[in-house]
Amino acid sequence: MKGALCPTVQQLRKKLRRGELITLDLGATYQGYAADLTRTICIGTVSARQQEIYELVQEAQERGLRAVWAGVRAAEVDAAAREFLIDAGYGDYFVHSLGHGVGLAVHEAPRIAQEVDIVLEPGMVITIEPGIYIPQWGGVRIEDTVLVKENGCEILTPVTKDLVVV
Ligand SMILES: [Mn+2]
């Protein structure tokens with residue numbers, strides 16, 4: 001997602017506090033190709049609401065991942081996750097598209113977004129990264145980079161999606 005939506009801790013000059021959610025958006029490159037990964041962790045304690053929001057984003061991400069296969073339109077993949085969050089009452093808090101292509105640059109075509117009619121093809125690499133961001137409260141995003149295959153996708157960033165508390 002765009003930095004403007006999510007200022008960094010450094011930009012905020014903010015101290016991390018017990019009970020806060022921290023979104024970690026990480027990247028790496030290997031032989032010129034990029035990867036993109038986001039996990040959200042919690043410091044010290046987890047409230048019931050934080051756990052609930054986390055599980056909603058996790059379910060939305062799973063729905064997005066399950067919607068990926070060669071032949072699907074990007075908009076359908078976005079909808080698989082977005083409609084779940086809308087039904088859960090959090091559609092207004094999912095303020096960006098579901099994902100994007102990844103290649104030589106971290107952000108490439110196709111955007112995995114509501115109005116995008118591009119059909120996914122085998123070998124494309126995209127992200128699936130739903131989020132819920134509640135002003136003055138906090139947010140959760142879970143992102144994987146995945147390889148589009150004939151009948152599904154392969155997750156290229158296999159890091160735990162349990163809510164980690166540090
Ligand atoms: Mn991304």
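Start by selecting Pro110, which sits in strand 4 (residues 108-112); strands here are DSSP runs of E with at least two residues, helices are runs of H or I with at least four, and both are numbered from the N terminus. Most peptide bonds are trans.

A quick word on what you're looking at: this is a predicted model, where local features need pLDDT of at least 70 and side-chain atom pairs count only at pLDDT 80 or more, while totals for chains, interfaces and linings use all residues. Residues are numbered from 1 along each chain as its sequence is written, and side-chain values use heavy atoms, leaving out hydrogens and water.

Next, click on the manganese ion. Which residues coordinate the manganese ion? Asp36 (OD), His100 (NE2), Glu129 (OE) and Glu143 (OE) do, at 2.1 to 2.3 Å. Donors are N, O and S atoms within 2.8 Å of the metal (3.2 Å for Na, K and Ca), and water is not among the atoms, so sites may look incomplete. Along the chain, the donors are spaced as D-x63-H-x28-E-x13-E. Asp36 in strand 2 (residues 33-42) and His100 in strand 3 (residues 99-101) are 64 residues apart, a pair that links distant parts of the chain. Are Asp36 and His100 buried or exposed? Both are buried (under 20% relative accessible area; exposed is over 50%, partly exposed in between, with a 1.4 Å probe and protein chains only).

Now color helix 2 (residues 48-66) and helix 3 (residues 74-87): their axes come within 8 Å and cross at roughly 155°. Axes are lines fitted to C-alpha atoms, for helices over the stretch in contact, and angles run from 0 to 180 degrees between N-to-C directions. That makes helix 2 roughly antiparallel to helix 3 (over 145 degrees). Show side chains where they meet: Leu56, Glu59, Ala60, Arg63 and Gly64 of helix 2 make the contact with Val77, Ala80, Ala81, Phe84 and Leu85 of helix 3, contact meaning heavy atoms within 4.5 Å.

Finish with two loop residues. Gln31 lies in the loop between strand 1 (21-30) and strand 2, is exposed with a relative accessible area of 66%, and has a positive phi near 50°. Gln136 is in the loop between strand 6 (131-134) and strand 7 (138-141); Gln136 is exposed at 83% relative accessible area, and its phi is positive too, about 65°.

Definitions and conventions:
Angles under 35 degrees count as roughly parallel, over 145 as roughly antiparallel, 65 to 115 as roughly perpendicular and the rest as oblique.
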